[in-house]
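Visitor: Could you take me through the terms used for this model, setting each one against its definition?

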Amino acid sequence: MAHEGDRQGPGTALAAGEHALHAEGDLRAARQWFELAWRRAEGDGDHEGMARSALGLGGVWVHEHRTAEAESTVRTRQWQAMAAADPGSDLARRLRIRLAGEDDYRHGTHHAIMREVAEARTAGEPVALVEALSLAHHCLLGPDHAQTRLALAKELIGHAGRTGRPGDTVMGVMWRTVDMFLLGDPHAERGLRELEALLDRSPHLAAGFIASAIRVMLAIRQGRFAHAENLATASAERGTAAGDRDAAGWYGGQLGTIRWFQGRIAELTGLMHDQADSPVLSAVDNSYFAGLAIAAATAGEDRLAAGMLARIRGRDLAALPRSSSWLFTMYGVAETAHLLGDETASAEVYELLSDHEGTPVIASLGVTCLGSAHHPLGVASLTVGRLDRAIGHFQSAVRDNLALGHWPAAVLSRWRLGHALAQRHGPDDDVALRELELATKEAADLGMELPPPVTRRAGGPATASARRHGRHWRLDLGGRSVVVEHSVGMGHLAVLIANPGREVPAADLAGVPDQPPDQPVLDATARRAYETRLIRLQEAIEEREALTDAAGATALRAEHAWLAGELAAATGLGGRSRVFTGDGERARVAVGKAIRRALTRIEELDQTVAAELRASVKTGARCSYQPR
């Protein structure tokens with residue numbers, strides 16, 4: 001091909017390249033033709049040929065040239081061509097649009113390309129406008145711009161018929177289809193069928209690769225894992241044939257999603273480690289770091305997982321570019337932080353994701369889907385101990401995933417919901433058991449292996465301490481400290497924390513005796529008599545057991561248990577006699593309310609400490625602090 005192009009000159013190569021790019025969507029062939037055309041045009045001093053070649057080398061996407069060498073070469077040629085072109089020409093405008101799009105995409109912004117869109121609308125040149133709309137759309141693939149993207153896609157379709165390039169209409173319909181999936185539109189599959197019908201009439205390799213990738217995503221949603229894996233292989237082959245740099249990366253992401261829902265993600269640790277630093281990945285794509293982090297953490301390689309998590313977070317997780325893989329990456333951060341017990345990362349990802357709770361977690365242009373963003377929000381809440389919040393998110397995730405037709409994601413969210421309910425209400429909770437049973441059955445039907453619930457990692461202190469400092473209390477728990485103002489409830493908490501594992505009657509905490517303080521339930525003489533009788537009963541029990549008199553020992557034990565209970569009920573903290581408390585029910589209610597108010601105040605200052613105390617402090621007629 002190159003020899004023939006050298007004989008026929010740059011004009012032939014340009015025509016072939018533009019047909020390959022804008023009619024066939026053949027990125028590989030287009031690059032070869034435009035490379036040849038550039039060399040010929042540059043040698044001939046043909047400025048228009050140089051401009052057209054430099055534009056063609058950009059391709060249909062942004063950031064098609066992934067290596068530093070290729071990117072710098074093409075970028076330099078585009079600047080060189082623009083400098084030689086008439087500033088008011090359409091070619092110069094199209095070059096400015098291309099350069100603005102490349103810069104914005106690389107920096108995770110969109111302001112420059114949107115200015116170019118506005119200028120292209122004013123100029124009224126359809127080719128420049130369509131290219132500006134398509135590149136702007138690519139720069140706005142993050143979750144913050146869903147409606148803006150959809151409007152750009154519709155505008156692109158409207159102007160595509162004016163360019164005389166059949167690929168422009170295909171690209172517009174493709175972008176609209178992608179937007180519908182990213183929005184979670186219930187009619188998105190109708191858009192895909194429209195795109196596929198258009199591709200049947202006007203084959204376009206690049207857009208056809210996108211359509212095939214979406215089909216992989218839908219097969220994963222259906223839980224047809226073997227079929228999805230076969231489709232992923234075929235889709236990667238189509239992407240390679242089209243010359244799309246994302247073919248290998250997308251295949252890895254699809255395979256990773258399949259293995260995640262199968263419970264086999266740890267198998268891919270080595271593969272993802274090799275791919276994470278591949279130069280052909282997008283400049284703003286951090287999803288492979290997240291995938292490697294989950295795989296490593298699941299495999300028990302905590303050091304590697306923590307390293308990947310730190311790489312993603314950088315100096316500030318909020319500074320991560322909101323690219324098309326951002327939601328996918330946040331999902332990975334939430335899951336990895338949960339496995340590692342990283343509460344700080346979990347709190348960060350929750351804050352960042354909370355504005356997108358109803359959004360499906362879809363990577364890139366519909367490559368693969370992990371389900372509703374409510375799921376990672378629930379995972380992050382679970383990690384920091386916000387059980388009620390976690391339960392709410394998992395309930396919403398189950399609902400959203402069912403609406404998406406994403407059965408594996410619905411099963412996983414239901415599984416996590418069941419465990420959160422069990423942790424909140426106890427392992428015998430009927431609702432928790434029902435959710436866990438249903439998730440287990442559905443997982444078996446789909447061939448999923450569900451992850452075991454994450455337990456708190458050993459090694460950290462589990463017992464709280466409370467120290468009074470004037471009008472404030474300092475609570476220390478698990479390496480965390482919080483200072484809270486004194487209140488009645490905080491005083492009750494301090495008493496319980498100072499007596500871990502011991503039940504304290506609410507009436508003792510409330511200090512609301514029904515009789516004068518100097519009238520104990522047992523006076524000192526009676527208490528000593530009870531204690532002496534208990535000692536003698538224990539000796540008698542041991543004697544009967546030695547004589548193998550089981551019946552006699554049982555009768556004595558019954559009396560011992562009754563007497564011990566009476567003595568305990570009559571005794572307060574530190575062995576003090578407890579006063580009569582006929583107002584016990586009122587004390588129970590008052591103490592419970594006061595402790596809950598104190599826990600709410602602590603939660604405002606430190607959610608983790610509050611969550612642990614909520615789980616370990618019991619209120620009622622008898623209150624206690626039972627460290628976990």
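Guide: What follows is a set of questions about terms, each answered from the values.

Guide: The model is predicted, so local features need pLDDT of at least 70 and side-chain atom pairs count only at pLDDT 80 or more, while totals for chains, interfaces and linings use all residues. Residues are numbered from 1 along each chain as its sequence is written, and side-chain values use heavy atoms, with hydrogens and water left out.

Visitor: What makes residues 68-84 a helix, and how does its reach compare with the expected one?

Guide: Helices are DSSP runs of H or I with at least four residues, strands are E runs of at least two, and both are numbered from the N terminus. Helix α5 has 17 residues and reaches 24 Å from its first C-alpha to its last, close to the 24 Å expected, where the expected span is 1.5 Å times one less than the number of residues.

Visitor: Why is one face of α5 said to be lined by buried residues?

Guide: Buried means under 20% relative accessible area, exposed over 50% and partly exposed in between, with a 1.4 Å probe and protein chains only. In α5, Glu71, Val74, Arg77, Gln78, Ala81 and Met82 are buried. Seen down the axis of α5, these residues fall within an arc of 135°, so they line one face of the helix; the arc is that of the directions from the helix axis to the C-beta atoms. On the other side of α5, Ala68, Glu69 and Ala83 are exposed.

Visitor: What do the buried residues of α5 pack against?

Guide: With contact meaning heavy atoms within 4.5 Å, they pack against α3 (27-44), α4 (47-58) and α6 (90-107). Among the residues of α5 that meet α6 are Arg75 and Trp79, and among those they meet in α6 are Leu95 and Leu99.

Visitor: What makes β6 and β8 a pair?

Guide: Two strands pair if DSSP finds at least two bridges between them; β6 and strand β8 (residues 622-625) have 2 bridges, in the antiparallel sense, and Pro505 stands opposite Arg622 in β8. The open sheet has 3 strands in the order β6-β8-β7. In it, β6 (504-505) and β7 (617-618) stand at the edges, each with a single partner strand, so one side of each is left without a neighbour in the sheet.

Visitor: How do you know whether Leu477 is buried or exposed?

Guide: Leu477, which lies in strand β4 (residues 472-477), has a relative accessible area of 8%, and is therefore buried.
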